[in-house]
Amino acid sequence: MQLSSILRPAAVKVVANVSSKKRLFQDLGDIVAGTYGLDASAAFAALQERENLGPTGVGHGIALPHARMPGLDHVVGAFLRIEKPVDFDSVDWQPVDLVFALFAPDGSGVEHLKALALVSRTMRDPGVMAKLRANTDPETLHTILTDDQATRAA
């Protein structure tokens, strides 16, 4: 599995400001609706439901919200770089500026976990984090996420 098979260029966005985690989830729902044809309100609700189980802010300004949804046949993703970090109830209490959301088919088990592990490894890489924070062009961000990953052994 590679990030290029999960993340389309159109699902990578830079936003100046997000007022709350709820608004962030609404934005992610809109992105996956426009990019993958998912229902925006269903995507929002799925993210909210998963977040109620425990925060997906993993620390160092990174959040990995994820949810399972009907109507998908493979895992898809969306990435947001937020110029003004938002409070996310992260494990280290730091606000979040890099968000990689995953949406998996309802019945997926291993595929969902593999995708989450891949995204987590990629986002944890200090070099990748620095490059993502140093760029504001969505196309460049997509390239960083998908090309960098191909050069590292899983």
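Modeller: Axes here are lines fitted to C-alpha atoms, for helices over the stretch in contact, with angles from 0 to 180 degrees between N-to-C directions. Helices (H or I, at least four residues) and strands (E, at least two) are DSSP runs numbered from the N terminus. The model is predicted, so local features need pLDDT of at least 70 and side-chain atom pairs count only at pLDDT 80 or more, while totals for chains, interfaces and linings use all residues. Residues are numbered from 1 along each chain as its sequence is written, and side-chain values use heavy atoms, without hydrogens and water.

Colleague: How are H3 and H4 oriented to each other?
Modeller: The axes of helix H3 (residues 110-124) and helix H4 (residues 126-134) come within 5 Å and cross at roughly 75 degrees. Angles under 35 degrees count as roughly parallel, over 145 as roughly antiparallel, 65 to 115 as roughly perpendicular and the rest as oblique. H3 and H4 are therefore roughly perpendicular.

Colleague: How many residues of the contact of H3 with H4 are nonpolar?
Modeller: Contact means heavy atoms within 4.5 Å. Thr122, Met123 and Arg124 in H3 meet Pro126, Val128, Met129 and Leu132 in H4. Ala, Val, Leu, Ile, Met, Phe, Trp, Tyr, Cys and Pro count as nonpolar, Asp, Glu, Lys and Arg as charged, and the others, Gly among them, as polar. One residue of the contact is polar and one charged, and the nonpolar count is five.

Colleague: The structure holds two aromatic pairs. Which geometry do the rings of Phe25 and Phe88 have?
Modeller: Rings of Phe, Tyr and Trp (its six-membered ring) pair if their centres lie within 6.5 Å; planes under 30 degrees apart count as stacked, over 60 as edge-to-face and the rest as tilted. The centres of Phe25 and Phe88 are 6.0 Å apart and the planes stand at 85 degrees, so the pair is edge-to-face.

Colleague: How many residues apart in sequence are the parts that this pair ties together?
Modeller: Phe25 lies in helix H1 (residues 21-36). Phe88 lies in the loop between strand E5 (76-86) and strand E6 (96-105). The pair therefore ties together parts whose separation in sequence, in residues, is 63.

Colleague: Is Phe88 buried or exposed?
Modeller: Buried means under 20% relative accessible area, exposed over 50%, partly exposed in between (1.4 Å probe, protein chains only). The relative accessible area of Phe88 is 0%. Phe88 is therefore buried.

Colleague: Which residue has its charged end over the ring of Phe88?
Modeller: A charge sits over a ring if NZ of Lys or CZ of Arg is within 6 Å of the ring centre and within 35 degrees of the ring normal. The charged end over Phe88 is 4.7 Å from the ring centre, and it belongs to Lys21.

Colleague: Leaving aside neighbours within four places in sequence, what is Pro55 in contact with?
Modeller: Pro55 is in the loop between helix H2 (40-53) and E2. With a relative accessible area of 45%, Pro55 is partly exposed. On that count, its contacts are Lys21, Phe88 and Asp89.

Colleague: What is the phi of His60?
Modeller: Most residues other than glycine have a negative phi. His60 is in the loop between strand E2 (57-59) and strand E3 (62-63) and is exposed, at 61% relative accessible area. Though not a glycine, His60 has a positive phi of about 60 degrees.

Colleague: Where is Trp93, whose phi is also positive?
Modeller: Phi of Trp93 is near 65 degrees. At 63% relative accessibility, Trp93 counts as exposed. Trp93 is found in the loop between E5 and E6.
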